[in-house]
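Hi everyone, thanks for making time this morning.

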Amino acid sequence: MDGLLIGLVYGLAAIGLTLIFGVMDVVNLAHGSIIALGMFFLYLAFGAGLHPYLALVPVAVVGFFLGVVVYQIAVRRIINGPPLMTLLATFAVSMIIVGVGTALWSTSPYNINFKVVTYNFGGYTVTSARLISAVAAVIVTFGLYYFLYRTVLGKAVRAVANNREAAELMGIPSQQILAISFGIGTMLAMLSGALIATLFPFTILSGGVYELKSFVASVLGGLGNPTGALLGGIILGLIEGSVAPFIQISWTNVIEFVIFVLILLFFPTGLFGGRK
């Protein structure tokens, strides 16, 4: 049960990564540091007196505008260049965030202290924090799908992802759409980081672990496939929840990455197929 609930949050983080890849073919190496930034923005909002779950709203707003700024400064000019250029650009953004974050908060662990209720379901004990985080991840995911499939702007995002040149010929401003897409992907990363911060202690370096989990979940589900990313996150969480009681926790990542390599070998487009 714990694995299922945390897996939904992993899935939300993976959707942010795979959305950016699916729309603009950019592997965002700043994803982990942005997740960590979401943790600290929640920490600051909580310190200012906001309840952690109410603070998700300003975290989402900040995440979106941060993504637009990062796109305009670091990604826009090189988006059509060699893949190595976008990798280096997003890696540079990651190093800037980690460097500034270390200067502001050091690498000491922080946590969000708030009242948590415990529920019992058929002998299983679940905290309200995990339930609410999982529900929030599902709500955000459904909100994303409503945006992509039921709004004019969302259809423009899908059109640019499908064929940028044809979308431009139809009058869709692709650069603005790409900036919005990068903003949404960044917003999802910060929201997932904020939800994780309600569950576990964190540091400015914590995002690296969840970035790797996002890559694994994205590859499990198929790169560029948001539904697959969510399902990949759930699978990842279920693996963690299933093996953790029986082996040392340090072996969990080993098992995850063995599965990652096996998926690459036998299912290169993921278990649920890549971008269509």
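Helices α10 and α11 are oblique to each other, because angles under 35 degrees count as roughly parallel, over 145 as roughly antiparallel, 65 to 115 as roughly perpendicular and the rest as oblique. The angle between α10 (residues 226-243) and α11 (residues 250-266) is about 140°, and their axes are 10 Å apart. Axes here are lines fitted to C-alpha atoms, for helices over the stretch in contact, with angles running from 0 to 180 degrees between N-to-C directions. The helices themselves are DSSP runs (H or I, at least four residues), numbered from the N terminus.

A word on the source: this is a predicted model, where local features need pLDDT of at least 70 and side-chain atom pairs count only at pLDDT 80 or more, while totals for chains, interfaces and linings use all residues. Residues are numbered from 1 along each chain as its sequence is written, and side-chain values use heavy atoms, with hydrogens and water left out.

Back to our pair. The crossing of α10 and α11 is right-handed, meaning that the near helix is turned clockwise from the far one by less than a right angle. Which residues make the contact? From α10 they are Leu236, Ile239, Glu240 and Val243, and from α11 Thr252, Ile255, Glu256 and Ile259, with contact meaning heavy atoms within 4.5 Å. They divide into five nonpolar, one polar and two charged.

Now please look at α2 (residues 31-47) and α9 (residues 207-221), which pack at about 125° with axes 7 Å apart. That makes α2 oblique to α9. Their crossing is right-handed. The contact brings together His31, Gly32, Ile35, Ala36 and Met39 of α2 with Gly207, Gly208, Tyr210, Glu211 and Ser214 of α9. These residues comprise four nonpolar, five polar and one charged.

The largest cavity holds about 30 Å³; a cavity is a set of points on a 1 Å grid over the protein atoms alone where a 1.4 Å probe fits but cannot get out, and lining residues have an atom within 4 Å of a point. Its volume is the space filled by probe spheres set on the points. Tyr10, Ala13, Tyr210, Lys213 and Ser214 form the lining. Helix α9 gives the most to this lining, with three residues.

Technical notes: Helix = DSSP H or I, 4+ residues; strand = E, 2+ residues; numbered from the N terminus. Nonpolar A, V, L, I, M, F, W, Y, C, P; charged D, E, K, R; others polar. 1 Å grid on protein atoms, 1.4 Å probe; cavity = no way out; pocket = protein on both sides within 12 Å on 5 of 7 lines; lining within 4 Å.
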